[in-house]
Amino acid sequence: MNPQSAFQTAGQHADAIRNLGLQFVGLLGLIFLLVITMSLLSIRRRHRGIEQEPLEHTHHPSPGTEAKLTRAVSIACGITLLIIFGLVTVSVSVGKGISAPVNAPKDLVVEVNANQWWWQIRYLSDDASAIVTTANEIHLPVGRRVLIRGSSNDVIHSFWVPSLQGKRDLFPQHMTSEWLKADRPGRFRGQCAEFCGFQHAHMAFWVVAEPDAQFQAWMRQQLQPAVEPQDDEKRRGRKVFMDSACVLCHTIRGTEASGFVGPDLTHMGSRLSLAAGAMPNNKGNLAGWIADPQNIKPGTHMATVPLHAEDIQPLIDYLESLQ
Ligand SMILES: [Cu+2]
């Protein structure tokens, strides 16, 4: 299964969009073939006409022919208008069916905040202690409708999970929304679909659809503060993090790190990817990222923090232990 395909869908909204596209292509393709065939036929006919009929015949058709032609053209125009009207109606009704009002009755509301070039994800709740904050990864219970409410912290981005939904632009100071629902478990890749700067292509995320029990377990785990380091190496790693500029930009709940410039790292070890889908989450990639983020995503708002060589391994062990 392709995790990012508008054709291999896993939700009824994506189905509706794909079917609409196929209907347009099918019908308009047929009309295209018809028009080309007719013009080829008429070219052949005209050719024969010039050679065989007297000139005044072709230039001054009889009144009967004139009336017939007018009728044919009028009917063709009528049919064209009907087809356009039909396509617009179908398109608008599909659009209405898949969009969601910002204040739709909420079951599960996920707030997506787009940044150059990563996604902040928050599961809202009336109870402040039950708000889950993470980044670049959305978990969904299979079969349940989730309301995505999105906005942006800088420029215009676009939230797009081709296998599940259409695109929705995210604006600064303005909220847009859409439903997300997966009909089967799986991992689906999303991608920013509006050019938003240098690293636009490296602004992806993962949607993990899982059975309800697994989803609830994930939520409970994400609500926990960061795990305590279990050995001296990881304790040293935590100290390196807390003593350097990392704390100014990142939050690790349960520690004094409470920056908001970059992704929340409280459970970063449990995530699938690093730096907004730029690479799989593993120790090697993490080391490369921390040593030189500008090399992996030139222009990224993460600064290169000078670290002692012997501090890097403990730091990485600590971060990867944050499950
Ligand atoms: Cu973007």
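Start by selecting strand β2, residues 118-123, together with β3: the two pair in the antiparallel sense over 4 bridges. (Strands are DSSP E runs of at least two residues, helices are H or I runs of at least four, and both are numbered from the N terminus; two strands pair if DSSP finds at least two bridges between them.) Show side chains on this pair and find Tyr123, which stands opposite Val132 in β3.

Before you go on, a word on what's on screen. This is a predicted model, so local features here need pLDDT of at least 70 and side-chain atom pairs count only at 80 or more, while totals for chains, interfaces and linings use all residues. Numbering runs from 1 along each chain as its sequence is written.

Next stop: the largest nonpolar core, 51 residues in total. (Such a core is a set of buried Ala, Val, Leu, Ile, Met, Phe, Trp, Tyr and Cys residues joined through C-beta atoms within 7 Å.) Pick out Trp119, Leu164, Val207, Ala276 and Leu319, the members that touch the most others. Then colour strand β10, residues 204-210, which supplies the largest share of this core with 5 residues.

Stay on Leu164 and look around it. Leaving aside residues up to four places away in sequence, its contacts include Gly11, His13, Phe188 and Val207. (Contact means C-beta atoms, placed from the backbone, within 7 Å.)

Hop over to Gly11, in the segment before α1 (12-52). Is it buried or exposed? Gly11 counts as buried because it has 26 C-beta neighbours inside 10 Å. (The cut-offs: 20 or more other C-beta atoms within 10 Å is buried, 12 or fewer is exposed, in between is partly exposed.) Besides Leu164, Gly11 touches Gln165, Lys181, Ala182 and Asp183, again not counting residues up to four places away in sequence.

Last, select helices α5 (232-243) and α9 (309-320), whose axes come within 7 Å and cross at roughly 100°. (Axes are lines fitted to C-alpha atoms, for helices over the stretch in contact, with angles from 0 to 180 degrees between N-to-C directions.) That makes α5 and α9 roughly perpendicular, a label for 65 to 115 degrees. Among the residues meeting here are Arg236 and Phe241 in α5, and Asp311 and Tyr318 in α9.

Key
Two residues are in contact if their C-beta atoms, placed from the backbone, lie within 7 Å. Angles under 35 degrees count as roughly parallel, over 145 as roughly antiparallel, 65 to 115 as roughly perpendicular and the rest as oblique.
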